[in-house]
Amino acid sequence: MKAIRAEFHVHTVLSPCAEIEMIPPLIVEEALSRGIEWIAITDHNASANVEAVINAAKGTDLTITAGMEVQTQEEIHSLCLFDTLDQILAFQQFIDAALPPLENRPDYFGEQLVVDETGDFIRRETRLLLNSAAISIREAWDKVMELGGLFIPAHIDRKAFGMIANLGFMPIDTPIEALEISRHTTPAVARSTYPQIGQIPLIKSGDAHRLNEFLGLNQLQVEAPRVEELRKALNDLDDRTLTILEAGTDR
């Protein structure tokens with residue numbers, strides 16, 4: 001077992017709401033400078049920059065998990081985490097088929113840039129990514145499970161695109177394994193404010209759209225930074241654990 005600090009919600013310049021500084025080498029540098037050894041790249045409905053960040057992290061102590069922040073037809077954001085590029089590419093095909101064919105307006109929504117491991121420009125993603133895919137939460141969950149990933153509804157304490165604000169309840173047909181809370185609350189406050197979440201395991205993320213938004217408050221004891229190890233840690237299985245640290249904890 002080893003102790004690992006993790007941040008599971010990081011955007012790149014592929015997300016139109018992310019700052020231009022969110023390029024692979026700077027993401028890697030920022031994470032490591034904060035003592036973070038495991039991050040997930042989770043752009044909106046997209047994954048084209050995941051491999052570039054993986055390549056940028058080669059030779060460092062930082063592990064990159066392939067992910068996506070999917071927006072379902074309920075207008076709810078969820079993190080979808082995978083161990084391999086093959087898994088995320090298969091999930092991307094599923095999402096691509098469900099996204100509406102609307103063109104991005106960079107002047108209004110922001111640029112959607114695919115870059116290489118150095119941050120150099122490759123192409124623009126022309127289809128608007130800030131959209132709801134024509135799939136339900138259950139359908140997204142089913143596909144993530146089929147591919148061997150982990151599905152975590154995001155920032156449930158937020159009014160915008162949060163599950164509790166949009167639904168008012170936990171979907172009874174979807175076996176949610178974990179939930180994400182934002183930087184604006186704590187586990188105790190979240191459980192008190194939203195009793196419907198019960199004792200579902202929590203992670204806390206910075207939802208980093210800028211370099212200064214990394215938190216790295218998830219402290220794990222796991223054998224390796226892999227999705228199945230995270231699943232075990234969330235459920236305190238086989239001596240794996242996940243603790244949410246207080247903001248400002250020494251790194």
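Contact here means heavy atoms within 4.5 Å. Keep that in mind as you look at Gln-219, which sits in strand E10 (residues 218-222); helices (H or I, at least four residues) and strands (E, at least two) are DSSP runs, numbered from the N terminus. This is a predicted model, in which local features need pLDDT of at least 70 and side-chain atom pairs count only at pLDDT 80 or more, while totals for chains, interfaces and linings use all residues. Residues are numbered from 1 along each chain as its sequence is written, and side-chain values use heavy atoms, with hydrogens and water left out.

Which residues does Gln-219 touch, not counting residues up to four places away in sequence? They are Ala-3, Ile-4, Arg-5, Thr-241, Leu-242, Thr-243 and Leu-245. Between Gln-219 and Thr-243 there are 5.1 Å in space, C-alpha to C-alpha, although the two are 24 residues apart in sequence.

## Two packed helices

Next, find helix H1 (residues 24-33) and helix H2 (residues 50-57), which pack at an angle of about 55° with their axes 8 Å apart. Axes are lines fitted to C-alpha atoms, for helices over the stretch in contact, and angles run from 0 to 180 degrees between N-to-C directions. That angle makes H1 oblique to H2 (under 35 degrees counts as roughly parallel, over 145 as roughly antiparallel, 65 to 115 as roughly perpendicular and the rest as oblique).

On the H1 side, the contact is made by Pro-24, Pro-25, Ile-27 and Val-28, and on the H2 side by Ala-52, Val-53, Ala-56 and Ala-57. By class, these residues are eight nonpolar, no polar and no charged (Ala, Val, Leu, Ile, Met, Phe, Trp, Tyr, Cys and Pro count as nonpolar, Asp, Glu, Lys and Arg as charged, and the others, Gly among them, as polar).

## The largest pocket

A pocket is an open set of points on a 1 Å grid over the protein atoms alone, where a 1.4 Å probe fits, with protein on both sides within 12 Å along at least five of seven lines; lining residues have an atom within 4 Å of a point. The largest pocket has a volume of about 250 Å³, a volume being the space filled by probe spheres set on the points. Of its 16 lining residues, Ser-47, Ala-48, Leu-89, Gln-92 and Arg-123 are the closest to its centre.

Helix H3 (residues 85-96) gives the largest share of this lining, five residues. The lining of the largest pocket has eight nonpolar, three polar and five charged residues.
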